[in-house]
Amino acid sequence: MPYNHHPATVKPLRPFRLLRHHTQTPGSIHYKTRAARDAAAQRWADHDGHVVVTELWDATHPHDFANRGWAVDGLVAPQQITVTLHIDNVYELYDTIETTVTMTIPVPPADAGSDAYDDWAYEHIFAETGTGHADGDAGYFVRITASTNPDLVGRTFEFGI
């Protein structure tokens, strides 16, 4: 009997799936409903910082060896990222105090020169500066040392002086 290179494709019990970034396991996860898949895709995108591909099984989609009836129906981008900040709190009347904080925040606007980006930085980065000293001038120097979005690592922010 000859070898069949294109096995018969049967409708899966869970017709919705997501595909995670290729270096993570598991690479694909199957779901019974679109809503469950989409919610999980957003959680994975936020957790990993990578776009997640969503697919559905479609009887009209070609059933060749490569796709076996699966069709891409969307991409889910991260809405949240995790960052680690190194903060130098420099005070006129006190010693400099270094702090480090890891937190989950919304993804920043793409245009780093925009007002929206400045608003994001003040709301989410500046909010982590300071150690409670209220008298005298102060400057806060922040560097992102780790992030689920590698493009942000090394970015710096200055507030105050």
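**Entry 1: a charged network**

I began with the charged side chains and found that Arg 34, Arg 37, Asp 38 and Asp 73 are linked in a network of salt bridges, a salt bridge being a side-chain nitrogen of Lys or Arg within 4 Å of a carboxyl oxygen of Asp or Glu. I note that this is a predicted model, in which local features need pLDDT of at least 70 and side-chain atom pairs count only at pLDDT 80 or more, while totals for chains, interfaces and linings use all residues. Residues are numbered from 1 along each chain as its sequence is written, and side-chain values use heavy atoms, with hydrogens and water left out.

I then checked accessibility, where buried means under 20% relative accessible area, exposed over 50%, and partly exposed in between (1.4 Å probe, protein chains only). Arg 37 is buried at 1%, whereas Asp 38 is partly exposed at 30% and Asp 73 is partly exposed at 31%.

**Entry 2: another pair**

The structure holds four salt bridges, and one that I looked up joins the side chains of Glu 55 and Arg 17 (2.5 Å, N to O). Glu 55 lies in strand E3 (residues 52-57) and Arg 17 in strand E1 (residues 16-19), so the pair ties together parts that are 38 residues apart in sequence. Glu 55 is buried, at 8% relative accessibility, and Arg 17 is buried with a relative accessible area of 17%.

**Entry 3: nonpolar cores**

Next I turned to the largest nonpolar core, which has 18 residues, and in which Val 83, Leu 85, Ile 125 and Phe 157 have the most contacts; such a core is a set of buried Ala, Val, Leu, Ile, Met, Phe, Trp, Tyr and Cys residues joined through side-chain atoms within 4.5 Å. The elements giving two or more residues to this core are strands E5 (80-91), E6 (97-106), E7 (138-147) and E8 (156-160), together with helix H2 (115-125). Strand E5 gives the most, with five residues. Apart from this core lies another, of 10 residues, among them Phe 16, Ala 40, Ala 41 and Val 52.

Terms used:
Helices (H or I, at least four residues) and strands (E, at least two) are DSSP runs, numbered from the N terminus.
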